[in-house]
Amino acid sequence: MAFRQALQLAACGLAGGSAAVLFSAVAVGKPRAGGDAEPRVVEPPAWAGAVHPGPGVWNPNWDRREPLSLVNLRKRNSCSGDEDVASRIDNYKAKATRHIFLIRHSQYHTDAPREKDRTLTPLGREQAELTGLRLASLGLKFNKIVHSSMTRAVETTDIISKHLPGVCTVSTDLLREGAPIEPDPPVSHWKPEAVQYYEDGARIEAAFRNYIHRADVKQQDDSYEIFICHANVIRYIVCRALQFPPEGWLRLSLNNGSITHLVVRPDGCVALRALGDTGFMPPDKISRS
């Protein structure tokens with residue numbers, strides 16, 4: 001008889017720039033008599049609500065901003081009836097599209113003992129220049145750049161921002177690199193301690209909930225936002241945004257300085273326009289460290 005343990009990233013609150021969150025690990029399977037393990041199953045705790053309504057079913061309220069979910073249907077005007085409800089729902093409908101550009105930092109010195117010494121390599125600085133030029137060539141009016149507070153992301157941001165004058169930059173610890181959730185299938189070359197998933201996973205889930213959602217109802221124009229961070233963070237965010245199993249994040253691969261483009265429509269639908277694009281770099285400038 002098989003065991004199933006299931007804890008899942010559940011809830012996070014953001015106050016004063018910090019995240020208070022609850023986290024969980026993934027399920028494991030006990031081998032059957034024949035030696036095969038049962039499928040790994042992840043089930044959220046009852047109090048957290050379902051992250052996914054079911055296999056292959058899109059959850060329209062994934063960001064908790066679905067207009068119908070925000071309207072109290074009990075408060076209904078006896079005279080206007082359905083018209084009053086429809087009017088209140090319209091007040092919660094987003095009008096603008098968000099374009100989210102997720103940039104992986106450039107190549108850096110991986111052998112430095114301290115994080116602050118893991119600066120960009122000469123190649124990494126060239127990659128950041130190329131990424132900055134590519135973003136500038138798109139001719140978009142970028143609203144802001146949000147970047148991880150880790151050294152390699154800060155230096156990548158400094159170079160890219162020179163090509164986007166006037167765009168404000170904001171640093172955050174939420175986007176720092178880490179172990180978001182235990183990958184499935186597991187890999188032999190990378191095995192963080194369970195506590196790392198517990199600590200990093202909650203923070204990275206908080207980053208997703210804080211930054212990836214449909215536009216605010218007050219936003220009138222489409223926005224173009226850049227997030228400069230790390231491969232694990234980006235891969236996890238992509239899986240969550242598309243409502244793919246988040247445990248599959250390690251099946252994706254991203255080059256240094258690559259551009260991933262997510263689009264969040266006013267109705268909450270999400271599209272992936274580009275994943276890890278480095279086609280703008282010469283072949284000898286591409287790396288994946």
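Modeller: Welcome! Helices α3 and α4 cross in a right-handed way. This is a predicted model, where local features need pLDDT of at least 70, side-chain atom pairs count only at pLDDT 80 or more, and totals for chains, interfaces and linings use all residues. Residues are numbered from 1 along each chain as its sequence is written, and side-chain values use heavy atoms, leaving out hydrogens and water.

Colleague: Why are α3 and α4 called oblique to each other?

Modeller: Helix α3 (residues 122–137) and helix α4 (residues 151–161) pack at about 45 degrees, with axes 8 Å apart. Under 35 degrees counts as roughly parallel, over 145 as roughly antiparallel, 65 to 115 as roughly perpendicular, and the rest as oblique. The pair is therefore oblique.

Colleague: Which residues of α3 and α4 meet?

Modeller: Arg125, Ala128, Glu129, Thr131, Gly132 and Leu135 of α3 meet Glu155, Thr156, Ile159 and Ile160 of α4; contact means heavy atoms within 4.5 Å.

Colleague: What makes a set of residues a nonpolar core?

Modeller: Its members are buried Ala, Val, Leu, Ile, Met, Phe, Trp, Tyr and Cys residues joined through side-chain atoms within 4.5 Å. Buried means under 20% relative accessible area, with a 1.4 Å probe and protein chains only. The largest such core here has 29 residues, of which Leu102, Leu175, Tyr211 and Ile212 touch the most other members. Its largest share, eight residues, comes from α6.

Key:
Buried means under 20% relative accessible area, exposed over 50%, partly exposed in between (1.4 Å probe, protein chains only). Helices (H or I, at least four residues) and strands (E, at least two) are DSSP runs, numbered from the N terminus. Axes are lines fitted to C-alpha atoms, for helices over the stretch in contact, and angles run from 0 to 180 degrees between N-to-C directions. A crossing is left-handed if the near helix is turned anticlockwise from the far one by less than a right angle, and right-handed if clockwise.
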